[in-house]
Amino acid sequence: MAKVNIRNEIRFILNGRDVVLSSVAPDATLLDWLRLARSLRGTKEGCAEGDCGACTVLVGRLSAGRLVYESVNACIRFLGSLDGTHVVTVEHLRGQPGQLHPVQQAMVDFHGSQCGFCTPGFVMSLYGLWMKSPDPSNAAIEKALQGNLCRCTGYEAIMRAAHAISSYGKAGKDPLAVERKAITARLEALRDGARVEIGSARARLIVPANVDDFATVLDQEPGATIVAGATDVGLWVTKHMRDISPAVFIGNLDGLCTIAEDKGVISIGAGVTYTEAFSTLSKRIPALGPLFDRIGGEQVRNMGTIGGNIANGSPIGDTPPPLIALGARLTLRKGKKRRTIPLETFFIAYGKQDRQPGEFVEAVHVPVPAKGEKFAVYKITKRRDEDITAALGAFFLTLAKDGTVADVRIAYGGMAATPKRASFVEKALLGKPWTEETVEAAMAQYGRDFTPLTDMRASAEYRALAARNLLLRFFAETSGTRAPFQVSRNEAA
Amino acid sequence: MNKHATSNLKAEKIVGGVATDQRHDSAHKHVSGTAVYIDDMPEPSGTLHGCLGLSAAAHATITRMDLSAVRAASGVVDVLTAKDVPGENDISPTGRHDEPVLADGKVEFFGQPIFCVIAETREQARRATRLAKVEYKELPFVTDIGELDPKKDKLVTPPLTLKRGDAAAAIKAAPRRLKGKMRVGGQEHFYLEGHIAMAVPGEDQDVTIYSSTQHPSEVQHMVSHALGVPSNAITVEIRRMGGGFGGKETQGNQFAALAAIAAKKHHRAVKIRPDRDDDMIATGKRHDFLVDYEVGFDDEGNILGVDFMFAARCGFSSDLSGPVTDRALFHCDNTYFWPTVHAQSAPLYTNTVSNTAFRGFGGPQGMVGAERVIDEVAFAVGKDPLEIRKTNFYGTSDRNITPYHQTVEDNIIQRIVAELEESASYARRRREISAFNANSRFIKRGLALTPVKFGISFTATHYNQAGALVHVYTDGSVHLNHGGTEMGQGLYLKVAQVVAEEFQIDLDQVKITATTTGKVPNTSATAASSGSDLNGMAAQNGARQIKDRLTDFAAEKYQVPRDQVLFLPNRVRIGNQEIAFADLVKQAYMARIQLSAAGFYKTPKIHWNRDKGEGRPFYYFAYGASCSEVSVDTLTGEYVVERTDILHETGRSLNRAIDLGQIEGGFIQGMGWLTTEELWWDGKGRLRTHAPSTYKIPLASDRPKIFNVTLADWPEAGEPTIHRSKAVGEPPFPLGMSVLHALSDAVASVADHRICPRLDAPATPERVLMTIERLKGEAKD
């Protein structure tokens, strides 16, 4: 293995200035650092769990050599994960001399703020959207704002403002657009290929130089906390004050951020975020598009990874059930050794996965359904968007020429201690004609597959009933029943 | 911003007077992150930070509290317990002495503060708090009012009965009658800025507290009691809150008191900002209710008599539960005339956090009960609920006496509803929806139009007073202060518009300043939608006093009759000449005219005898209506709001842009309350929905897909309110009821609209689906 240089500081750009930090706690958050160390108090803390968006900032990073700015939650973004990035806070927004930025002026003129506390976060989310999409649709604005809560306005005024931004200025003339080349060059200059190690003993953080280096680090530190998007680990710190040292930040390892298709199988690196995966997956497996639109808010999708969603083993992670139904396989790596297993077998029990000390999830391989193979995934939540799953069902079906069920895989989240197949239901379907009678008979089998729990998201009774009804929905959708099959947000957008 | 050089002395109208659409005075600061909230203020050097230690039992005596590890933790300076409260260990806002600052030996809800760690940093305080070892001897507890008997079980405050006529007899004699029960959930405020207080000690007994509160005077009084010092030692200041909604009417007292105690004890500034979870666990919410109703009616759907029991989950102490449950009864009529009525409240004691004010203050819960009764009658007689609503509306010259014997003198609900019914194409869409439902197996649509009448005034009559302080400086610029607080509702702006209008100077000549008990004393909470009504009048009074003195001065100096002194935009006409307002002010100063005034206002006409249940508690009523259409998935209970139309009135609006924001925001908040916002306690009495990850307020994508909001341009207040405007804070909140009823309508379609769905709130997808299942079952029977 090539020798890796070690650097004992992180370096990034904050607004216009270079920042070099040699003393950084592994659990230090960007938000606290901005507010307490830098007295940049435009960025607010609303919830410290990545759900309200009051702390939204933009982080610019080089993704395949291209500078992209993404909205993120500063409250759960670890400072150590910012090496080589450009952090942009509300204080950095500028318009023409003496004027507000177009996003800000639109918000003022359209009465987009009342108490104003959530406003900097909305401004940053809208700014991120506007840079990418100067004339966004309603649906695009709503999606960009899924991670921003406002309790005063009812959002209508903010939507009006969002539509008007481009009438106040051109995105192409925005300072971040104009300075793109210069910032790219500065970020390139920060990429020295070194591993970052800061701190010692009980407060250590490591940013590996590359994937091989990550494997080496993890081999040496099998008890380390692997942090990719931090959308879960962030809460271990802010809510539970758990010790995560030594923390290994892998969010920016190019080698884990690839997504490629080969022979009908899409391989997704463990560091690929929901946002990065969206275009490929929603194109190749269309049913995943609407699901991904309902995972977290935009900030969480910009940070969170599919690999992390799998690796943390949560029974309510949104990606494992559909990936299991699709027949995905998982590659794990320890040092130089790799093994690839069916994703389904990775989940052993609640909080227990088939991952050895020092081993990490490297990639997940997802077969694209062939023509004629039917696939759907349905997520049920209390609130439609940015809510954690109460129950989620994924269905994969192949019919034989005679209309009987040739192959079926049904997997659920929120119904058991792990993401789980509905084996009895599948058995009741297999080989039978794909008719409503067959489906009804299969629906009676759910009680054998699942004994869901009651919690704050849903009662056991509701989970059982709604989960069962999803099979009927899937049947309706695949059998020529007259639409609509579900309520939908976007038709008016 | 005082740019007096730019004052236009020839203008026909001032910039920013009343009845003009002005942007929020802080909007440019909001969007740039420069609006200062308390946590954004630079801390005095050496500032300490507090964190509350919360009880881990719902009802228990504390048998042992070992705080040694807490005290020994890194950065910890002190740990306060009940015995560290130098004055009275009580912050009960109504003087019932039932709410300790820190629990003393006994805890009455899971999450009750029992100690407070004071440390060098907030992080250290949070970490240390977790090291406490507290042992409890558990006592029986109850969290759900469904397990209680409203007539027998413990109440936190005396109940109220309203009655007019003999409801029991009327119901008994009615051709038809029915009974039912409804559950209406509570609601977390979810102000984006959580509670916070920073206390800065002064000399002698003095302490200044920056508190995120809607009620600085109460914080002042509570802190003075807790410290055992006179009120004059305490100054409370608040420039702006990041949202309040009632959640900061009384609930900030605890944080302010603890910060002040620690600040005085350690002679250092102390800041307490609970994290979101602690804030949601340890501070009160909207009351949830169980409403028992019985109604007598005829075959046409004319309601003849109604009997209500409103049982409320109040939590472990009274807080504001008395007036909240009173207001529920005051709104159990909504827009309907009950020929006979009997309504009782039961403010029940539970082992939960003490519930408190929340926009509407019990009123919406009362109205939801009234609307359920309407629905029941509509289903019973087989008519569209809208018809039954209209049949039972208050009249204008008769059928206009409320259950509390106040005459409704300003009723405009018929016109509001007629206009909305027309603009929303209610009848056509009713037909279209029937056709759609007949052809759609799984997705069903529903439609409903619900009215709102909301009573304006504090029902505690003495609260209906306000003060303001107006200074005119020698350059003609104005410094304005009043007792109202700014929480985003645009109060400061509206009052500044009133003052600008009074002096006829541009709005930018009026400097809006932070609310402080040192400038305007003995103020009421900014609550009950009263902010502009009360403080606008007080500020107008202050400005008028100065204007009168200026007029007297000008008349004498220029030897013209008083009526020849006219205040024109940015100038004053005195006889045949005009001089700049600033010049007149300067001349007046040189002539030793007092240019400062304390304004005052008290609402006329109102009175209330609670023992008799009679009076005129409300100065006037505000009206509105909304019409919503939803789609419901009958397989999962999921839904979307397809369209909402609103027609609401605010009299002759002071600022339509601000009022529109209040209406849109109020509706969405009301919709959230009745749909996705669910508070959930587990078997140990723990609130498990204590963060936005588990407690779901509406998002931008929960807005109605089509959302038409209109401010009626024809009404004006019947009473001489401030420029004939009407209050707008709370009245739009219950407009959200149309979504609940539209959901109910869609649910009813699964049983061919023959069975009243009795859909309870919040109508989460789960509750919708379970109601659908129940209806399908009942339809089969």
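Reader: In this predicted model, which residues make the contact of α13(B) with α14(B)?

Author: From α13(B) come L491(B), K494(B), V495(B), V498(B), V499(B), E502(B) and F503(B). They meet G531(B), S532(B), N535(B), G536(B), A539(B), Q540(B), A543(B), R544(B) and K547(B) in α14(B).

Reader: What makes these residues a contact?

Author: The test is C-beta atoms, placed from the backbone, within 7 Å. The listed residues of α13(B) and α14(B) meet in that sense.

Reader: How do the residues of that contact divide?

Author: Seven are nonpolar, five polar and four charged.

Reader: Why is α13(B) called roughly parallel to α14(B)?

Author: Helix α13 (residues 491–503) of chain B packs on helix α14 (residues 531–557) of chain B at about 30 degrees. Angles under 35 degrees count as roughly parallel. Therefore α13(B) is roughly parallel to α14(B). Their axes lie 9 Å apart.

Reader: Is the crossing left-handed or right-handed?

Author: α13(B) passes α14(B) in a right-handed crossing.

Reader: How many residues does each chain bring to the contact of chain A with chain B?

Author: Chain A gives 67 residues and chain B gives 74.

Reader: Which helix gives the most to the side of chain A that touches chain B?

Author: α19(A), with seven residues. α2 (102–109), α3 (119–132), α5 (156–164) and α19 (460–478) of chain A each supply at least two. That side of chain A divides into 34 nonpolar, 17 polar and 16 charged residues.

Terms used: Residues are numbered from 1 along each chain as its sequence is written. Chains are lettered from A and ligands numbered from 1 in the order in which they are written. This is a predicted model: local features need pLDDT of at least 70, side-chain atom pairs count only at pLDDT 80 or more; totals for chains, interfaces and linings use all residues. Two residues are in contact if their C-beta atoms, placed from the backbone, lie within 7 Å. Helices (H or I, at least four residues) and strands (E, at least two) are DSSP runs, numbered from the N terminus. Ala, Val, Leu, Ile, Met, Phe, Trp, Tyr, Cys and Pro count as nonpolar, Asp, Glu, Lys and Arg as charged, and the others, Gly among them, as polar. Axes are lines fitted to C-alpha atoms, for helices over the stretch in contact, and angles run from 0 to 180 degrees between N-to-C directions. Angles under 35 degrees count as roughly parallel, over 145 as roughly antiparallel, 65 to 115 as roughly perpendicular and the rest as oblique. A crossing is left-handed if the near helix is turned anticlockwise from the far one by less than a right angle, and right-handed if clockwise.
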